[in-house]
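Here is a short briefing on a predicted model. Please keep the sequence and the 3D view open while reading.

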Amino acid sequence: MTISVRKAAATAALGAAVTAALAGCGGGSSAPDGSREARMGTPAASATGPAPQSPSPGAPAPGAPQAGAPAPAAPILAPGAGGLTPVFERTKQQTDKTVALTFDADMTSDQGPRAAAGERFDNPQLIAALRALKVPSTVFMTGRWAEEYPDQAKAIGTDPNFEIANHSYSHHAFTSPCYGLPALDTAAARADVDRAFAAFKQAGAVNTVPYFRFPGGCYDDAALRALSTARVTAVQWDVVSGDAFAKDPDAVAEQVLAGVKPGSVVVMHCTRSAAPVTEEAVRKIVPELRKRGYRFVKVSELVGK
């Protein structure tokens with residue numbers, strides 16, 4: 001089914017509503033581009049660094065990974081200026097019609113009582129749909145989510161259709177302001193990332209990759225510096241799906257279809273309570289993009305291209 005793009009005003013209104021609701025999910029709008037300001041949804045200008053490339057085989061890590069961190073078998077980018085953590089947003093390859101659908105499995109460190117009361121931070125129907133549609137995907141998972149749903153984390157992390165990337169342990173902000181999220185100090189940032197990798201390992205996930213997505217998409221030079229020894233590539237996006245707190249799957253699908261370009265990274269969510277229409281939107285997005293000649297890939301296939 002071909003989905004037409006609605007009026008620009010409707011899309012803009014949806015984007016504004018989504019931005020206002022992003023306190024608990026991956027963000028979308030950009031903040032002022034200053035060295036001390038949070039970057040939201042766009043890479044830091046000072047983190048551009050050298051051209052992306054895979055590390056030399058056997059090159060030593062700048063800092064030893066902590067427990068649970070994956071070996072960097074997947075491609076990573078070279079450090080940015082001053083050794084800052086590199087940031088990837090979209091492949092530089094503009095001719096290959098590939099697109100990566102990414103899904104943030106959000107859960108903050110203090111949401112256990114809400115989960116115990118019945119709120120669902122998972123979305124097994126979405127994962128089942130991605131399997132049925134044969135869509136390779138990257139799930140940016142928080143460590144707290146993996147602890148709450150260890151069986152699902154293991155199932156996703158042992159399925160070759162998926163790869164698990166790090167979305168922090170606590171889903172707290174790595175710089176402030178960031179959509180009202182509580183902020184970690186610099187000393188706690190690296191430990192939070194390590195704790196998430198350890199949670200994946202504890203759950204039995206093996207398809208983990210050395211990629212990290214900042215909660216809310218918010219970061220600055222201090223955050224990039226804090227993670228510089230983790231030997232991860234920070235992964236942003238160039239297409240905001242608008243699925244956070246959305247109620248209309250058609251509007252979400254139209255926003256994605258209007259934004260995708262060759263090499264795009266789309267940010268979506270794998271959290272039923274915060275993104276209840278994502279599965280339905282995906283079922284509309286996938287066949288339409290395939291009709292347009294796109295091939296779905298994991299982020300690891302885009303990084304370094």
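**Strand 10 and its neighbours**

Strand 3 (98-105) and strand 10 (264-269) run parallel, joined by six bridges. Strands pair here if DSSP finds at least two bridges between them. Helices (H or I, at least four residues) and strands (E, at least two) are DSSP runs, numbered from the N terminus. This is a predicted model, so local features need pLDDT of at least 70 and side-chain atom pairs count only at pLDDT 80 or more, while totals for chains, interfaces and linings use all residues. Residues are numbered from 1 along each chain as its sequence is written, and side-chain values use heavy atoms, with hydrogens and water left out.

- Val99 stands opposite Ser264 in strand 10.
- Strand 9 (residues 239-240) also runs parallel to strand 10, through two bridges.
- In that pairing, Val240 stands opposite Val267.
- Strand 9, helix 8 and strand 10 form a right-handed β-α-β unit. Right-handed means that, with the strands pointing away from the viewer, the path from the first strand over the helix to the second runs clockwise.
- Strand 10 is largely enclosed by the rest of the structure, because six of its six residues are buried. Buried means under 20% relative accessible area, exposed over 50%, partly exposed in between (1.4 Å probe, protein chains only).
- In a regular strand, side chains alternate between the two faces of the sheet.
- One side of strand 10 carries Ser264, Val266 and Met268, and the other carries Val265, Val267 and His269.

**Helix 9**

- Helix 9 covers residues 278-291, 14 residues in total.
- The expected span is 1.5 Å times one less than the number of residues.
- Its buried residues include Ala281, Val282, Ile285 and Leu289.
- Strand 3, helix 3 (124-132), helix 8 (249-259), strand 10 and strand 11 (295-296) are among the elements covering them. Contact means heavy atoms within 4.5 Å.
- Gly293 follows helix 9, with a positive phi near 95°.

**His167**

- His167 sits in the loop between strand 5 (162-166) and helix 6 (186-203).
- His167 counts as buried because its relative accessibility is 0%.
- Its side chain makes a polar contact of 2.9 Å with the side chain of Asp106. A polar contact is a pair of N or O atoms within 3.5 Å; within protein, one must be able to donate a hydrogen and the other to accept it, and residues adjacent in sequence count only if both atoms are side-chain atoms.
- A polar atom of the His167 side chain also lies 2.8 Å from the backbone oxygen of Arg213.
- Beyond four places in sequence, the contacts of His167 include Asp104, Phe140, Met141 and Phe214.

**Nonpolar cores**

- The largest nonpolar core has 61 residues, of which Met141, Trp145, Phe174 and Phe214 touch the most other members. Such a core is a set of buried Ala, Val, Leu, Ile, Met, Phe, Trp, Tyr and Cys residues joined through side-chain atoms within 4.5 Å.
- Helix 6 gives the largest share of this core, seven residues.
- Another core, of 17 residues, lies apart from it and includes Val267 and Val297.

**Backbone exceptions**

- Most residues other than glycine have a negative phi, and most peptide bonds are trans.
- The Ser176 to Pro177 peptide bond is cis, with omega near 5°.
- Tyr179 has a positive phi near 55°.
- Arg231 has a positive phi of about 55° although it is not a glycine.
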